[in-house]
Amino acid sequence: MSGHWSFLLDAHIRTVEPLRLADVTTIALAIAGSEASGGAGAQTDLKTFHQLKVFGCTSLTCIVSFDPNNDWGHRFVPVDPQVIHDQIEAAVAVHGQIDAVKIGMLGTPTTIDVVAEALETYKFPKVILDPVLICKGQEPGAALDTDNALREKILPHADVITPNLFETQTLAGSDEITSVTALKDAAKKIGDQGVPVVIAKAGTLLGTGTALDVYYDGHDCEVLEVPAVGQERVSGAGCTLAAAITAEIAKGANALDAARTAKQVVVSAIENRMHGNAPFDCVYQGNYQA
């Protein structure tokens with residue numbers, strides 16, 4: 001009898017075709033920095049992808065850690081450009097097709113060069129850029145060079161860009177943004193630079209009593225609002241928003257619907273945030289339900 005069952009098992013193993021991951025799962029790639037607390041960066045991207053039932057892979061661009069002995073500032077170590085190249089190459093080779101790419105912290109002009117080269121080489125279907133224009137821990141000159149390189153070499157590849165309030169001001173060349181009208185105008189100025197979709201994030205900073213962003217696609221300009229969950233800083237909220245937009249677009253949603261879903265993901269992540277010893281909390285995506 002045992003020989004009979006063994007024969008049937010062997011036959012089953014021989015006749016069942018193995019399933020490839022790409023046959024059954026949507027793939028999103030995060031090109032971003034590692035943030036040791038797990039509350040931001042590539043770690044948050046992966047958790048957000050997973051919560052939205054998208055398989056995430058990464059190319060780490062830098063290692064960032066908060067410094068508890070220096071007012072919780074960022075300690076920043078870039079990853080060698082060849083290693084960044086190799087990670088992107090490996091992710092593409094393993095999965096065959098990347099459905100959407102989220103770009104976060106890049107940090108240096110040389111990192112931007114290698115990522116821009118990858119975008120040219122692989123022609124990813126959708127690129128969502130969460131621009132990081134200035135990070136504490138960099139000298140002002142280096143930060144300015146990085147900002148200029150990002151604008152010149154990465155921005156033209158973006159299908160969607162998700163700048164925060166300061167980044168919106170900088171990219172638009174606007175004065176300080178203090179109203180919804182000014183935010184709309186700035187989003188349009190960025191869109192006029194050739195970005196198909198701009199999602200300009202103000203959060204609670206405009207004093208509307210809501211968490212407010214502006215969506216602009218070259219034609220429609222919409223204000224997206226959800227109830228504010230407190231006023232205090234929560235690390236990783238912006239990363240979560242951009243990652244959720246990436247996941248939803250990877251699954252086939254249009255950018256506006258993706259943004260609406262992403263805002264609900266962020267609300268849940270802030271409501272269920274992680275408390276610790278730092279003067280800020282970290283988002284937690286695990287309780288989100290569509």
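**Cysteines**

I looked up C239 and found a relative accessible area of 17%, so C239 is buried (under 20% relative accessible area; exposed is over 50% and partly exposed lies in between, with a 1.4 Å probe and protein chains only). For C221 the value is 25%, which means that this residue is partly exposed.

I note that this is a predicted model, in which local features need pLDDT of at least 70 and side-chain atom pairs count only at pLDDT 80 or more, while totals for chains, interfaces and linings use all residues. Residues are numbered from 1 along each chain as its sequence is written, and side-chain values use heavy atoms, with hydrogens and water left out.

A disulfide is a covalent bond between the sulfur atoms of two cysteines. I searched the whole structure for such pairs (cysteine sulfur atoms within 2.5 Å) and found zero disulfides.

**S37**

I located S37 in the loop between β1 (27-35) and α3 (41-51). Strands (E, at least two residues) and helices (H or I, at least four) are DSSP runs, numbered from the N terminus. S37 has 45% relative accessibility and therefore counts as partly exposed.

Leaving aside residues up to four places away in sequence, I found that S37 touches F66 and C282 (contact: heavy atoms within 4.5 Å). S37 and F66 are 29 residues apart along the chain, and their C-alpha atoms are separated by 7.9 Å.

I then listed polar contacts (pairs of N or O atoms within 3.5 Å; within protein, one must be able to donate a hydrogen and the other to accept it, and residues adjacent in sequence count only if both atoms are side-chain atoms). The side chains of S37 and E35 are joined by one of 2.5 Å. The S37 side chain also reaches the backbone nitrogen of G39, at 3.1 Å.

**Helices α4 and α5**

I recorded that the axes of α4 (residues 81-95) and α5 (residues 109-122) come within 9 Å and cross at roughly 25°. That makes α4 roughly parallel to α5 (angles under 35 degrees; over 145 is roughly antiparallel, 65 to 115 roughly perpendicular and the rest oblique). Among the residues that meet are I84, I88 and V92 in α4, and V114, V115 and A118 in α5.

**Helix α7**

I counted six buried residues among the eight of α7 (residues 165-172), so this helix is largely enclosed by the rest of the structure. L165 and L171 are among the buried ones. At the start of α7, a side-chain oxygen of N164 reaches to within 3.2 Å of the backbone nitrogen of F166. After α7 comes G173, with a positive phi near 70°.

Definitions and conventions. Axes are lines fitted to C-alpha atoms, for helices over the stretch in contact, and angles run from 0 to 180 degrees between N-to-C directions.
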